[in-house]
Amino acid sequence: MYWALLKQGVSRWQRRIWHAAVMRSGMLTFLVLVIVLAGLAFGWREHTMGQFAQLKKELNKRPVTDAPVRPGGQEMVLLQRSQMAGGNGPEFLSAMLLPGRGMNVLQITAYLPQRGEVNLLASPTLQDAAKLLTGTGADANGAKSLAMGAAIEMPWAGRISGWSTPDGSNLTTMWRGNRLVLPTDAKDSYGVAGVVAAGGLLLAQPSDSITTNVMPDGGEAQATYHPGNFDGHWPSQTDIMTTVQLSGKAITLKIAARNTGNTAEPMGIGWHPRFAILNRRRAQMMLRLPDGLRVEVKDRRTGQLSGRLVPVEKTEYDFTGPTGAQLGALNLDDSFVHLKTGLLENGPMAELRDPENDYGLRITAMTSTIKAIRVYAPLDGSYISVEPRTNYDDPFGHEWMSGEDTGMVVLQPGQSIQWKIRLEIFSLSSSDTGRF
């Protein structure tokens, strides 16, 4: 009891002392004021040093994620392989495909002993390509695909001439009494002047399905397309399957088209690769072509053809020697037809040789449907196109002699066409020629 009374007394004594020393003297107010002023001073100092702004910026940051690049709304497909251990010759390393853009082969990389890894196609990066391949404006019908990589051209390859529609955005041409209205915005090297539709209608087409398969020495990708009548531009319905297979020494490209409609339709297929000139010295590049005839160009400015097929032997267009001939300063925008298959060859062959970098590229036509090879070598020295096709330029034109097969295959309902080429890489100096 006495202990409890003592504790209460001590407690009352402490409260009196605190009240007298602090509350009455204003010391508590002073302490609070000092703390508040110190906080304000610190805040002002940090503000002048930009720390609050930086803190706000950091708090407002969102996690950065790399969005996939999707030309044509679909991700690219990359077929790749490792360089062969101990290999001393050129070999393919990868192929970048754009299934959202008609299976354009945007880039092919290869290993060259003299240079290491190189890009074989004149193309922008995937990111830059995606910015150009918008499907709008000048690219509404896929025209930009012709200016990069290696585009597939269907249901015709190259140029078709005709009569301009009143709005000037299309042309009209005739096939077996059927009026075809075709877009004319695809230029590239085609149609410098005049009314020309070029490059086909698959350039901006997205795939309906894509499958890939890893193989022992590379890989394979297969894409299917169901473009129907190509938005009303073609007489019937079409299904398309494209297959690209990569290995160390060869890339095989196979295309099949089937008429799934109820009426006949013309069908042509071509490939539009833009092979890069690595040193940009065009004159030293060598071209080899199979024996055949050249389609005479009536007007170089417009690309208009005369309809005549002329020999190449002992002319400046004779590239039929065992190693071909140098391009020099020859302005080439020509088609070669009536192609012949050489001894021990699997089909008509064309070669592009680069002596300065000791490698060559060989294109072999593996199906008899391929009737023409077009070569375009602009004088600026950046690239050369060697294009295997089923059809001639302007296959519906009136310039052709009666009975001349201009390469457009007529597909009846249910019928199909096959088109296949093999692209090989080989050394010019070693015994490894790349043939197999």
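In this predicted model, T184 touches G168, S169, N170, L171, V195, V196 and A197, leaving aside residues up to four places away in sequence. T184 is found in the loop that runs between strand 9 (178-183) and strand 10 (196-198). With a relative accessible area of 12%, T184 falls under the 20% limit and is therefore buried.

The order is 7-8-9, and the pairing is antiparallel. Strand 7 (163-164) and strand 9 stand at the edges. Each has a single partner strand, so one side of each is left without a neighbour in the sheet. Strand 8 (residues 170-175) pairs with strand 9 over six bridges, in the antiparallel sense. Within this pairing, T173 stands opposite L180 of strand 9.

Strand 24 (residues 359-365) is mostly covered, with seven of its seven residues buried. Y359, L361, I363 and A365 point one way from the strand. G360, R362 and T364 point the other way. Strand 24 pairs with strand 23 (residues 349-354) in the antiparallel sense, over six bridges. Four residues lie between these strands in their hairpin, where D358 takes a positive phi near 55°. Six bridges also join strand 24 to strand 28 (residues 416-426), and these two run antiparallel.

R362 takes part in both pairings of strand 24. R362 is the bridge partner of E351, and R362 stands opposite E424 in strand 28. The charged end of R362 sits over the ring of F426, 4.2 Å from its centre. A further arginine, R274, lies over the face of Y383, at 3.8 Å from the ring centre.

The structure holds four aromatic pairs. One of them joins W271 and F275. The ring centres are 6.5 Å apart and the planes stand at 75°, so this pair is edge-to-face. W271 has 3% relative accessibility and counts as buried. F275, at 3% relative accessibility, counts as buried too. Y392 and W400 form an aromatic pair that is edge-to-face, with 5.3 Å centre to centre and 70° between the planes. Both Y392 and W400 are buried.

Conventions: Residues numbered from 1 in each chain as written. Predicted model: local features only at pLDDT ≥ 70, side-chain atom pairs only at ≥ 80, totals over all residues. Heavy atoms only, no water. Buried < 20%, exposed > 50% of the residue type's maximum accessible area, 1.4 Å probe, protein only. Pairing = 2+ DSSP bridges. Contact = heavy atoms within 4.5 Å. Phe/Tyr/Trp six-rings, centres within 6.5 Å; stacked < 30°, edge-to-face > 60°. Lys NZ or Arg CZ within 6 Å of the ring centre and 35° of its normal.
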